[in-house]
Number of protein chains: 2
Amino acid sequence: MFTRMSELFVRTLREDPADAEVASHRWLVRAGYIRRAAPGIYSWLPLGLRVLENVEKIVREEMNAIGAQEVRFPALLPKEPYEATNRWTEYGDGIFRLKDRKGADYLLGPTHEEMFTLTVKEMYSSYKDLPLSLYQIQTKYRDEPRPRAGIIRGREFIMKDSYSFDVDEEGLAASYDAHRAAYRRIFDRLGFEYVIVKAMSGAMGGSRSEEFLAVSPIGEDTFVRSPGGYAANVEAVEVLAPEPMPFDDLPPAHVEQTPDSPTIETLVAAANAAQPREDREWTAADTLKNVVFMIKRPGEEAEPLAVGLPGDREVDLKRLEAHLGEGVEFEPFTAEDFAAHPELVKGYIGPGVLGEQNSSGIRYLTDPRVVSGSRWVTGADRPGHHVFDLIAGRDFTADGVIEVAEVRPGDPAPDGSGPLALERGIEMGHVFALGTKYAEALGLKVLDANGKQAVVQMGSYGVGVSRAVAAIAEGNCDARGLAWPPEIAPYRVHIVATGKDAAVLEKATEIAAALDEAGVSVLLDDRKASPGVKFADAEMLGMPTTVVVGRGLADGFVEVRDRRSGMAENVAVDDALPHLIAVVDGVPDIEG
Amino acid sequence: MFTRMSELFVRTLREDPADAEVASHRWLVRAGYIRRAAPGIYSWLPLGLRVLENVEKIVREEMNAIGAQEVRFPALLPKEPYEATNRWTEYGDGIFRLKDRKGADYLLGPTHEEMFTLTVKEMYSSYKDLPLSLYQIQTKYRDEPRPRAGIIRGREFIMKDSYSFDVDEEGLAASYDAHRAAYRRIFDRLGFEYVIVKAMSGAMGGSRSEEFLAVSPIGEDTFVRSPGGYAANVEAVEVLAPEPMPFDDLPPAHVEQTPDSPTIETLVAAANAAQPREDREWTAADTLKNVVFMIKRPGEEAEPLAVGLPGDREVDLKRLEAHLGEGVEFEPFTAEDFAAHPELVKGYIGPGVLGEQNSSGIRYLTDPRVVSGSRWVTGADRPGHHVFDLIAGRDFTADGVIEVAEVRPGDPAPDGSGPLALERGIEMGHVFALGTKYAEALGLKVLDANGKQAVVQMGSYGVGVSRAVAAIAEGNCDARGLAWPPEIAPYRVHIVATGKDAAVLEKATEIAAALDEAGVSVLLDDRKASPGVKFADAEMLGMPTTVVVGRGLADGFVEVRDRRSGMAENVAVDDALPHLIAVVDGVPDIEG
């Protein structure tokens, strides 16, 4: 049956909701698709639910097509499996925890690696049972510190999560590739502009990880891409480090007085005044800035970490956060911290005291540009003094490398494919070759073809289903409201009956019934409201095609409007049905 | 596509799960439909999810057919609306509560009256917007003290809940009747034997309430029914009380010593010895037993409540619980309680001290049989003494009536339709005319046709969707496993290929593909396993029709088996497809 607007549970709002910062949030609420129940928690009203189900249908079809099997796990989960993998602690404040009436600990599942791993462990035992891919479309929970933008970053949201199980790495690679290809088809069908970017895999312990980002200026994720096709989440960008250089001919290190040089800029000036290089002037990129943080890992004592990087770059806190992993807190050294470490001279910290083997004992990690043979001006660990010509690999060695320096537009892509541009995106999907991390922690092994126990290779893959609704809306709206792609729209055709003539409503109803009969979803605006109100609502609600049955009917015409192009044409009422069916079937849309 | 058993995520178990008390729980777990994740919390594996979706589809179709509109509200809900209706407190330990990172209180929704009421209030304002019925199929939570029987009483479960909104009582009655009729169609299609019973409506504050119970010996609910068609939940049974009687000719009350009469039986003997009635002997039904409880309402001090009832009946604690309402705790008077109330003489408590106007001040409610003019032997509030010929309405008056005496088989139905039988059932649905309770508490009013504010009349209606899966399984299984009704089965046809002959698997696959093409869902057992294992699994999994492609193929036959009747017949392989399609289309099943 088609739906009558007079009966549909919807009210369009004239005003933007007070908390709406982005267009999709504004329109989804104003057009009556969703409604806020609490911060980051939304109800799906009838129109919104239809969109959500259209998205779910596409996701389900593509997952089934790669042989993944649908299941549905609970959202209320016991603590123990998450303790076994340490995520109960690692998630910190990021998950909802609760106790039952007996005092047992539970969480609301943010993702289900543990539960799937355990279930497969209980049911399967041989390589013959594999490969296996399972998925669910299910409600998930995260206690986001800053829920925002409506359903883009919610605290209760719907995800498709899948998990693959293979006996070896080749199998995992095949499962990963199958998911990646399915995700491409999903996002192609959802009508996004998206990029696939390399993502961090360190914290999750896996080997390969990519994100699918909807390109959007309102996105929270920053990514880079190069003309030659390199693309990465900014957290995952690897610096194009220079090759190690010989240092036999370089001058010895020497300490100089550098008064009045509290900033990198003043230091560069002072350095050039005190001791210019033989080949060129010192620049900010020649200074080695050492920044110290206090790091607090869940369940551990806070400990300091020093980061050394070229003075022309800041530490990118998002990159640092990604590097440290979920649940690790950090903040720059405070006056108190400095007081507890008198060997660190604020403003003059140098590699001379840093590192696990040196006087401070503080772990010291440096930017990849600090290669062996690189030549630096840096702190001399005495007030008002810097050390010059300090050579990495000759005069100091760090405890390791860290990729946390800011990435800047124009930086070279690590694969040599040209200068990087920075853009923003909304994370819509994530594919992740987990390897054996979860299987190891929870003991998921199978007998392999040689009769030996093999730890199962797992992948984990997610699509933000409710978020996709927002991202599609974000990319498909204008100043008048939403403009859904046909496969996503809650109704394909919106029929507006205008005027008080009974023949109008009769004809509009007849067309609605005929379209419905032909399998086209129809919303019929049969309300007693002015044409202006109805037209404005039709544009805000955003069905792809609107049919106006009104004044023209006396002359034998209805008007067919295309929501996206704004084009309209009169169609003879007797041709309306075949015309509309042709439009719905994708015949090139109205030309005007 | 049809499903290959070699790829399906399923393992049948040889052993019953340790905690399985009922057949549906045993078979759903053993046949790999569901899997326990925590007490009362289950995962749906692929076969189980298909059954669940078949049930959801039926529920959805029937709800849409009465014009109810589907929405989806969150499960994680803010405290405030539930405080406004006092349910935050009333639910006691029965709900899951949690705090977010900012310390705000939330609950996991057990039912959504408050949220729907508020949403309609925010969107609608006129009688013209009504009637309205909304529904959702959604995950719900209750922290059951005793989760049991698998998914029959879970802590995370799936419900269809709907809410109707009308401007007046006539509208509510129509919405109620529409839901009631839809529920009949739903349960007819699900293939239950069910009864519709009167239910308690007191605690929820509404005017009319009925439950749909699947008749089952494992049910937790006891209901009564009479030959003449009366049916009620045992909590809702009303006693057929006698008419008030004249007492002018009755003897005055008098106290007698009744030594050695600690029980009703000994009291009756002592009474007949001391002072027989002029017309007949005293019986247990002539004694008035007074039982005192401590009642603890959420957020209030505990207070005593005395219940007077004929001595031949016990207080039915489930009826008392239902009478007191959700979240109220109670227990019989303890020695300590008696010590605090010296006017109550244990074993000899009588109406002389009970009642708000009497010395104890304890609220005193009596069974409906204690009508004016009824004549009793009861406690005299002195050790070893009873009072005889105490006449209700002449010698004492209670503070009110209470319906908590046990109901016994053979008791007369209150509508005079004959003696009651007691049976057990599983609550599958509940229809509830709420009236204005929630609309009043949350301020949901609309302008009526006269331009006056009218409080909206609401109804609330629920179907236990996940529970229905268990109830259907419970009614459709035998010693060998499950035996699904065709509309509910995960697959309509199960094809078993036996033997190592390649032609067998080829033919089985060909039939599977052809049935799939014809729109019939098929599970093909293509595993390398013995025929015995495959047959046993097919019977445990319970698809309505099994096709065995095996030894007979050489002679041009396949075997078609009906799971429920156990009947089997050989069908010429060339006729197999049309034959199976006829079976699926409901042609009278195999005769043997």
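## Strand pairing in chain A

Two strands pair if DSSP finds at least two bridges between them, and strands themselves (E, at least two residues) are DSSP runs numbered from the N terminus. The model described here is predicted: local features need pLDDT of at least 70, side-chain atom pairs count only at pLDDT 80 or more, and totals for chains, interfaces and linings use all residues. Residues are numbered from 1 along each chain as its sequence is written, chains are lettered from A in the order in which they are written, and side-chain values use heavy atoms, with hydrogens and water left out.

Strand β14 (residues 254-257) of chain A runs antiparallel to β20(A), and four bridges join them. Strand β19 (residues 375-379) of chain A also pairs with β20(A) in the antiparallel sense, over four bridges. In β20(A), A:Val387 stands opposite A:Val255 and is the bridge partner of A:Thr378.

β19(A) and β20(A) form a hairpin with five residues between them. In the turn, A:Asp381 has a positive phi of about 65°.

Seven of the seven residues of strand β20 (residues 385-391) of chain A are buried, so this strand is largely enclosed by the rest of the structure. Buried means under 20% relative accessible area (1.4 Å probe, protein chains only).

## A buried lysine in chain B

B:Lys160 lies in strand β9 (residues 156-166) of chain B. B:Lys160 is buried yet has no salt bridge, a term for a side-chain nitrogen of Lys or Arg within 4 Å of a carboxyl oxygen of Asp or Glu. The nearest side chain of opposite charge, B:Asp161, is 7.1 Å away.

Definitions and conventions: Buried means under 20% relative accessible area, exposed over 50%, partly exposed in between (1.4 Å probe, protein chains only). Lys and Arg count as positive and Asp and Glu as negative; His and the chain ends are not counted.
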